[in-house]
Amino acid sequence: LHGTPCNFLHKEWMMPNFWALMQDIAGAPCEQDPERYERLSMCNYIGEQNPPTFFIEAELEHLFPWCDTLEICKKHRDMGIASHWKVYTRMEHGFFYELKRNGQKETFEDICLFLEGKLETL
C-alpha cells in the first residue's frame, strides 16, 4: 500500500481541497454521517484475517502520516502476519506511478522481493 489513508477522519493539517475530495469519495459530508467515515477507516479492520501487507512510504509524504501505517504494520507482526514497512528517501506522496527514478526502481524491486517472501524491513 502506498500513501495509505489509515482513517477517513478530518485532521487539522489537511488541505481544504483534499478534505473535500475525501468527503466526495465517502459520498456524504462527515457531519451528516460520521459512522460512514469510521467504516471507511482501514485502522478499524486490523485483525488476524488480514493478508501480508507492504506499506510503501515516501520520505516527503504530506497527506498521510507514516506513524499510522507503522502502527498497523507492528500490529500485523504481533499477530504473525508478514507485514513490511519502508520509507523511500527523497520521494513524495504518489511517487510510485512510473519506473524512471532510482527510488521508483528500488520500490519495484522491493515489491518483487515482498511477493517472493524475501523482503527484509523494520
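Is Lys86 buried, exposed or partly exposed? At 22% relative accessibility, Lys86 is partly exposed, because the buried class ends under 20%. The structure is a predicted model.

**Strands and crossover**
- Strand S1 covers residues 54-60, and five of its seven residues are buried.
- S1 runs parallel to strand S2 (residues 84-92), and six bridges join the two strands.
- Leu60 has Glu92 in S2 as its bridge partner.
- Helix H3 (residues 66-78) forms a right-handed β-α-β unit together with S1 and S2.

- Lys86 and Asp110 form a salt bridge through their side chains, with an N to O distance of 2.7 Å.
- This pair links distant parts of the chain: Lys86 lies in strand S2 and Asp110 in helix H4 (residues 102-115), 24 residues apart.
- Asp110 has 8% relative accessibility and therefore counts as buried.
- Glu92, the bridge partner of Leu60, also meets Arg101 in a side-chain salt bridge (3.0 Å, N to O).
- Glu92 is partly exposed, with a relative accessible area of 24%.
- Arg101 is partly exposed as well, with a relative accessible area of 31%.

**Other salt bridges**
- The count of salt bridges comes to seven.
- Glu116 pairs with Lys118 in a salt bridge, the closest N and O atoms being 3.9 Å apart.
- Lys118 is exposed, at 53% relative accessibility.
- A network of salt bridges links Asp33, Arg36 and Arg39.

Note on methods
Residues numbered from 1 in each chain as written. Predicted model: local features only at pLDDT ≥ 70, side-chain atom pairs only at ≥ 80, totals over all residues. Heavy atoms only, no water. Buried < 20%, exposed > 50% of the residue type's maximum accessible area, 1.4 Å probe, protein only. Helix = DSSP H or I, 4+ residues; strand = E, 2+ residues; numbered from the N terminus. Pairing = 2+ DSSP bridges. Right-handed = clockwise from strand over helix to strand, strands pointing away. Salt bridge = Lys/Arg side-chain N within 4 Å of Asp/Glu carboxyl O.
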